[in-house]
Amino acid sequence: MKLGFYTHGQRAYWANRLLRQRPHITARLAVRFPEIIVDEAQDTNVWLLALLDKLRRSGARVTLVGDPDQCIYSFAMADATSLFALSQKWQIPEKPLDKSFRCNDRIAMGC
């Protein structure tokens, strides 16, 4: 028996490959998960964004929430510039949050 492995970053590549080979699975996933909200979207990579693009084209509604200045998962091929490229491709406007719900306003503003 031969053993193998794949990395954290490669999992989305293999998922993309599967959905490319079997597009009916993408359609079923979009029906099963019609609303997808991605928190910390700045930590996605090009493969994860491609998956979301496939699901969106199959009818799922995708909401991305993230702060490009907080991208910390480079070990998983995260790249905030991919997020910008996808927002332009989808022609979606940015909706900046002007209030933090994690801490009070003085801390959020750096005072």
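These legends describe close-up views of a predicted model.

**View 1. Thr44 in the loop between β1 and α3.** Thr44 is buried, because its relative accessible area of 6% falls under the 20% cut-off. A polar atom of the Thr44 side chain lies 2.7 Å from the backbone oxygen of Ala41. Leaving aside residues up to four places away in sequence, Thr44 touches Val38, Leu49, Met77, Ala78 and Asp79.

**View 2. The two ends of helix α3.** At the start of α3, the backbone nitrogen of Trp47 has a side-chain oxygen of Asn45 within 2.9 Å. Gly59 follows the helix and has a positive phi, near 115°.

**View 3. The buried residues of helix α3.** These are Leu49, Leu51, Leu52, Asp53, Lys54 and Leu55. Among the elements they pack against are three helices: α1 (11-21), α2 (23-32) and α4 (80-90). The buried residues of α3 also pack against the strands β1 and β2 (61-65).

**View 4. Phe84 in helix α4.** Phe84 is partly exposed, because its relative accessible area is 38%, between the cut-offs of 20% and 50%. Not counting residues up to four places away in sequence, Phe84 touches Pro68 and Glu94. Glu40 is 44 residues from Phe84 along the chain, and the C-alpha atoms of the two are separated by 14 Å.

Terms used:
Residues numbered from 1 in each chain as written. Predicted model: local features only at pLDDT ≥ 70, side-chain atom pairs only at ≥ 80, totals over all residues. Heavy atoms only, no water. Helix = DSSP H or I, 4+ residues; strand = E, 2+ residues; numbered from the N terminus. Buried < 20%, exposed > 50% of the residue type's maximum accessible area, 1.4 Å probe, protein only. Polar contact = N/O pair within 3.5 Å; in protein donor to acceptor, adjacent residues only side chain to side chain. Contact = heavy atoms within 4.5 Å.
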